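Biologist: I would like to learn how to read a predicted model with some care. Could we go through it feature by feature, with the general idea before the particular case?

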Amino acid sequence: MSAKNTSDMIEEYLKKLLEATAEIEIKRSELAETFDVVPSQINYVIKTRFTLPRGYEVESKRGGGGYIKIVKIKYSNKHVLLQELNEKIPLLLSEKVAKDIVQFLFEEELISYREGNFVLAMLSDSNFDSKDSDAFRSAMLKSFLRRLDREDEI
């Protein structure tokens, strides 16, 4: 077994804190002092190991000592399905394909009829400038799927 490097120890420490509660707020300078590193090393660990694809949301607060808030995302029981669907959405998404995806979400009972209608209204061609509509529609639906995948309340 190899010895853990400082970045690994910082990551482990933060994950232990997150086991007790789904959300932590830490002061960058205090954490750097605890591990006898420069604050930029804390930034490195946060930016590389606490990412959205790994299930974390990070909010950095400048000033007042530089607080960092880390939230562990709890995913829904349909996580794999939603993740795969999200990955298959093209960068340019037509209104018809978007409607098909929303219909699929309804049939899988991931959204209600009413929620589906809200999403369809939001993704309608009439809401976009024609030259960028497919790109915006794709981005919005991907964002919606990521939010739908979370278990926590709004």
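Biologist: How many positive and negative side chains does the protein have, and how far apart do the centres of the two sets lie?

Modeller: In this count Lys and Arg are positive and Asp and Glu negative, while His and the chain ends are not counted; each charge is placed at NZ of Lys, CZ of Arg, CG of Asp or CD of Glu. Here there are 24 positive and 27 negative side chains, with the centres of the two sets 3 Å apart. This is a predicted model, in which local features need pLDDT of at least 70, side-chain atom pairs count only at pLDDT 80 or more, and totals for chains, interfaces and linings use all residues. Residues are numbered from 1 along each chain as its sequence is written, and side-chain values use heavy atoms, with hydrogens and water left out.

Biologist: Which elements does the protein have, and in what order do they run?

Modeller: Helices (H or I, at least four residues) and strands (E, at least two) are DSSP runs, numbered from the N terminus. The protein has seven helices and three strands, in the order α-β-α-α-β-β-α-α-α-α from the N terminus. Its radius of gyration, taken over C-alpha atoms, is compared with a globule rule of 2.2 Å times the number of residues to the power 0.38. The value is 20 Å, well over the 15 Å that the rule gives for 154 residues, so the protein is more spread out than a compact globule. Along the principal axes, the C-alpha atoms fill a box of roughly 55 × 35 × 30 Å.

Biologist: Which strands pair with strand 3, and in what sense?

Modeller: Two strands pair if DSSP finds at least two bridges between them. Strand 1 (residues 23-27) runs antiparallel to strand 3 (residues 67-72), joined by five bridges, and strand 2 (residues 56-61) pairs with strand 3, also antiparallel, over six bridges. Tyr-67 of strand 3 stands opposite Lys-27 and is the bridge partner of Lys-61.

Biologist: Is Ile-73 buried or exposed?

Modeller: Buried means under 20% relative accessible area, exposed over 50%, and partly exposed in between, with a 1.4 Å probe and protein chains only. Ile-73, in the loop between strand 3 and helix 4 (79-88), has 4% relative accessibility and therefore counts as buried.

Biologist: Which residues does Ile-73 touch?

Modeller: Contact means heavy atoms within 4.5 Å. Leaving aside residues up to four places away in sequence, Ile-73 touches Leu-52, Gly-55, Tyr-56, Glu-57 and Arg-150.
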